[in-house]
Amino acid sequence: MTKSAASIIWGAPIFLVLCLIALCLCDPSPSRGEMYISGRDIGALGLLLLYSINGGIGIIVIALLTIGLVLGIQGLKSEPSKKPTAITGIAVNSIGLLVGICVLLPPMIDSVRTNMRLNIVLSEGKTIQGITFPKGTKVSYNSTGKLLVADLVADQKIQNIIFPKGTKVIFNKSGLIDSVCLGRDSTIQGIFLPKDTGVFFYPSGKIRAILSDKSFKMNNIDFPTRTILNLDELGRLQTAVLWEDAEIRGKQYKKNQHIKFDEKSNIIEAKY
């Protein structure tokens, strides 16, 4: 998920809550006339934060500036005698909002465009990013034409790895394989992997991690279902994270323990 998308997801609720608090605080009675001062200060804080804007901070900035603008207007209404200061607060917040929206809007639009997906089923064989897919393959692109996902309708070789029919292949931003979900039992780089296993790859094409819904064996070790295995680029087992309690090589280990292996797959450490 991009920073802009994440900022919308967790920033929007904060925005609404802060606006609600501001409205609750704003009372047009003379006794609350000082509220425009807070509005001015909040606006100044928002302008300062614009210099370090990114991700969720951007939404918080917009929220602060909006609250500051509301407080400034309420202050202007409730205490006309302090009109110049209130107008200053309103101006600061208005300028900040304009600048903030100009800064935030382009990356948000770009994020939406980048993450938009176009799903099509190939009506004939087609070569995409150097990979030739047969007729019937379902592929997904983003708006810039980058290949995101391919659902294989036949056994296929990609980056010198043969993937079986029914495998879902996910590509990274560089067009290289990021991960796959296997369509049937397969042996990849000497490791037997059950159907529906998730396999994650280094940019070099070597297996980086394995996550299986079934128990399976690697390096003569029986691993329980949904254990996460991490490998180095030489294919050596580095760590395993257990999904459930399990006995490995005659010793009992607990769920969520991180088990570390040496070059010969001997257990050298287990910790949470």
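The legends below describe close-up views of a predicted model.

In this predicted model, local features need pLDDT of at least 70, side-chain atom pairs count only at pLDDT 80 or more, and totals for chains, interfaces and linings use all residues. Residues are numbered from 1 along each chain as its sequence is written, and side-chain values use heavy atoms, with hydrogens and water left out.

**View 1. Confidence along the chain.** The mean pLDDT of the protein chain is 74; pLDDT is the predictor's confidence in each residue, from 0 to 100. A value of 70 or more is reached by 57% of the residues. Residues 1-12 stay under 50. For them the model has 23 contacts beyond four places in sequence (contact: heavy atoms within 4.5 Å). Residues 18-55 also have pLDDT below 50. This stretch has 69 contacts beyond near neighbours in sequence.

**View 2. The open sheet of 11 strands.** The strand order is S1-S4-S5-S8-S9-S12-S13-S16-S17-S20-S21, with antiparallel pairing. Strands (E, at least two residues) are DSSP runs, numbered from the N terminus. Two strands pair if DSSP finds at least two bridges between them. S1 (118-121) and S21 stand at the edges with a single partner strand each, so one side of each has no neighbour in the sheet. The twist averages 15° from one strand to the next; axes are lines fitted to C-alpha atoms, and angles run from 0 to 180 degrees between N-to-C directions.

**View 3. Strands S9 and S12.** S9 and S12 (residues 198-201) run antiparallel and are joined by 3 bridges. Ser 179 stands opposite Phe 200 in S12.

**View 4. The salt bridge of Asp 155 and Arg 184.** The closest N and O atoms of this pair are 2.7 Å apart. A salt bridge is a side-chain nitrogen of Lys or Arg within 4 Å of a carboxyl oxygen of Asp or Glu. The count by this rule is 6. Asp 155 lies in the loop between S5 (147-151) and S6 (156-158), and Arg 184 in the loop between S9 (177-181) and S10 (186-188). The two residues are 29 residues apart and link distant parts of the chain. Asp 155 is partly exposed at 46% relative accessibility, and Arg 184 is partly exposed at 37%. Buried means under 20% relative accessible area, exposed over 50%, and partly exposed in between (1.4 Å probe, protein chains only).

**View 5. A network of salt bridges.** Asp 232, Arg 236 and Glu 263 are linked in this network. Between Arg 236 and Glu 263, the closest N and O atoms are 3.5 Å apart. Arg 236 sits in the loop between S16 (228-231) and S17 (237-241). Glu 263 sits in the loop between S20 (258-261) and S21 (267-271), 27 residues apart from Arg 236. Arg 236 is partly exposed at 31%, whereas Glu 263 is exposed at 63%.

**View 6. Surroundings of Thr 137.** Thr 137 is in the loop between S3 (131-133) and S4 (138-141). Its relative accessibility is 0%, so Thr 137 counts as buried. Beyond four places in sequence, Thr 137 touches Ile 120, Val 121, Leu 122, Asp 151 and Val 153. The Thr 137 side chain reaches the backbone oxygen of Pro 134 at 2.9 Å.

**View 7. Surroundings of Leu 242.** Leu 242 is in the loop between S17 and S18 (246-248). Leu 242 is buried at 1% relative accessibility. Residues touched by Leu 242 include Pro 224, Thr 227, Ile 248 and Tyr 253. Phe 223 is 19 residues from Leu 242 in sequence and 8.3 Å away in space, C-alpha to C-alpha.

Notes. Helix = DSSP H or I, 4+ residues; strand = E, 2+ residues; numbered from the N terminus. Polar contact = N/O pair within 3.5 Å; in protein donor to acceptor, adjacent residues only side chain to side chain.
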